[in-house]
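The sequence and structure are shown first.

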Amino acid sequence: MDPEVNRLVDHLFRREAGKMVAMLARALGFDHLQLAEDAMQEALLKAVRTWGLGGVPRDPSAWLMRVAKNCALDVVRRETNFRRKEKELVAFFEQRPSTRPDTFRFEEEIRDDQLRLIFACCHPDLPPDAQVALTLKSLCGFGEKEIAAAFLSSEAAIAKRLVRARRKIRETPITLEIPVGEELAARLDAVLQTLYLLFNEGYKASHGDDLVRRDLCEEAIRLGEILVQHPAGNRPMTHALLALMLLNAARLAARADAEGNILLLAEQDRRLWDRAIMARGLEHFRRSAAGNELSEFHLQAGIAWCHCAAPTHEATDWRRILSLYDMLIEINRSPVVAINRAVAISHVHGPEAALDAIAAISPREVLEGYYLYHAVVAHLHSALGDLEAAAAGFRRALKLTALTSEQAFLRRRLAECSPSNQ
Amino acid sequence: MSTESKTFLYIFRGGRDMNEMSPEELQQNMDAWFAWMGELKGKGHFIGGEPLHDGGKVLRGKNGQSITDGPFAEGKEEVGGYLIVTARDLDEAAELAKGCPIFQNDGSVEVRPIQKMSADQKAA
């Protein structure tokens, strides 16, 4: 081993952690998820203790997987009331068709292990917030501190959430199976909702550390891709979700300037949009059209595609976007969708019509505390030349966001409303 | 006695205080090791070294009759590996060791000059 070749692939440990936990959970049972995580942690600790001095093994994944298996066996032998599992565990490891981790079969096995774990972590019997935390912890190798950073929550709160989830797991007989038949549709829907939540948490700019947020988007996409590679998950809805995630993620890099200031869609440098990710998104979008289902994911992917397809902001097909929002609001009457629809209306029918549409939103109470609502209303007022009303709106929005990049953006807009600027 | 001692042995102990670290943090720790080792190599200080397995056997007594499994030292005391480096003198060897990431995890590095026996001393 040569200590010269010492640069690990980014997030290698995180990725391998997810694979190890998936494999070990399958071996030990979902109700022993904690043991699987302990064995994974031990394997990574061993790696840190030995690779530093000894160099990285030729196949780090295989090394970790082998050590993780041994750690799991150690754990089972150590726990008296668990020792009977030893034979079972040895048999499990032996009956895996491939012991050589470089084979295609191995990749497929691990993918299926992860898929089983996705279905289990996103089981409808678990509370939604616990599903997301559990998915990040066990499948994505996130630590509690990192989950807390992503959700702008405290480490203690996340830990509590995970403890609750684990208790529920012990009480509820959730098996690590890929659901089939009638059960599949509902279970798959639960998984898609969780991945969507995960992606949105990363995508929305309202809080959190920028890097962690991008990781969340990437993880949601990665898990979606695992899902779609298996017949159980290879459904138009899954493709639609993947399309919507990819077509939005492709534009992430252009959302802020070099100083981290948020940019309006009109101001973004479209050359920064990632064409490769966009192409992947488009491929899934195409495949989402199979069948006759038109889900919220389909409509949102369609809207994202309209933005991607426009070479300039002026060339955006707002009529098509508006018609998609019209359909979307029939499925999802959330005020947030209504606000976004109003933006589309302003482009097609002008700011006045947009303000009318906003005035018609009900219930409106939830909107009052939502900074984007005030920012959009202010923007429409400024487009109509009512700078006083616009300034008032931007000021209200400013009070509602804690994120410095958003505050800077709103201050900039506010400054544009002052008469000295005209 | 030999006058020149230009090679040194680093003995690593402990440094296991990492249970609470996430995979990402562990990887950062790993990168810190690589960076430190890379620097030793780049500047020509590195001669060799290896990590040690946990446990082993300890022999004592007459003819090594008393054999025990172990060493079961406390985690803090257990030797996890060794490294051989060259340096001008003990001070420089100690200075080089300061960059070791083991200190972030409550570990220690013992720096010992290796005694070079010259040919006539060996004959004696």
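**Questions on the sheet, the contact and the fold**

Reader: Which residue stands opposite Gly14(B) in S6(B)?

Author: This is a predicted model, in which local features need pLDDT of at least 70, side-chain atom pairs count only at pLDDT 80 or more, and totals for chains, interfaces and linings use all residues. Residues are numbered from 1 along each chain as its sequence is written, while chains are lettered from A and ligands numbered from 1 in the order in which they are written. Helices (H or I, at least four residues) and strands (E, at least two) are DSSP runs, numbered from the N terminus. In S6(B), the residue opposite Gly14(B) is Gly107(B).

Reader: How many bridges join S1(B) to S6(B)?

Author: Two strands pair if DSSP finds at least two bridges between them. Ile11(B) has Glu110(B) as its bridge partner in S6(B). S1(B) and S6(B), the latter spanning residues 107-113, run antiparallel, and the number of bridges joining them is seven.

Reader: Which residue of S5(B) is the bridge partner of Arg13(B)?

Author: Strand S1 of chain B covers residues 7-14 and pairs with S5(B) in the antiparallel sense over seven bridges. For Arg13(B), the bridge partner in S5(B) is Val79(B).

Reader: Which strands stand at the edges of the sheet, each with a single partner strand?

Author: The four strands form an open sheet with antiparallel pairing, in the order S2-S5-S1-S6 of chain B. One side of each edge strand is left without a neighbour in the sheet, because each has a single partner; these strands of chain B are S2 and S6.

Reader: Which helix of chain A packs on the sheet?

Author: From one strand to the next, the twist averages 15°; axes are lines fitted to C-alpha atoms, for helices over the stretch in contact, and angles run from 0 to 180 degrees between N-to-C directions. The packing helix touches S2 and S5 of chain B, and its direction makes about 155° with that of S2(B). Contact requires that the C-beta atoms of two residues, placed from the backbone, lie within 7 Å. The helix of chain A, residues 33-54, is H2.

Reader: Which element gives the largest share of the side of chain B that touches chain A?

Author: The contact draws 23 residues from chain A and 21 residues from chain B. At least two residues each come from helix H1 (23-42), strand S2 (46-51) and strand S5 (79-86) of chain B. The largest share, 12 residues, comes from H1(B).

Reader: How compact is chain A, by its radius of gyration?

Author: Chain A has 20 helices and zero strands. The globule rule (2.2 Å times the number of residues to the power 0.38) is compared with a radius taken over C-alpha atoms. For 422 residues the rule gives 22 Å, and chain A is close to this, so it is as compact as a globular protein of that length, with a radius of gyration of 24 Å.

Reader: Is Met278(A) buried or exposed?

Author: Met278(A) lies in helix H12 (residues 275-288) of chain A, and is in contact with residues including Leu247(A) and Cys308(A). A residue is buried if 20 or more other C-beta atoms, placed from the backbone, lie within 10 Å of its own, exposed if 12 or fewer, and partly exposed in between. Because Met278(A) has 20 C-beta neighbours inside 10 Å, it counts as buried.

Methods: Lists of a residue's contacts leave out its neighbours within four places in sequence.
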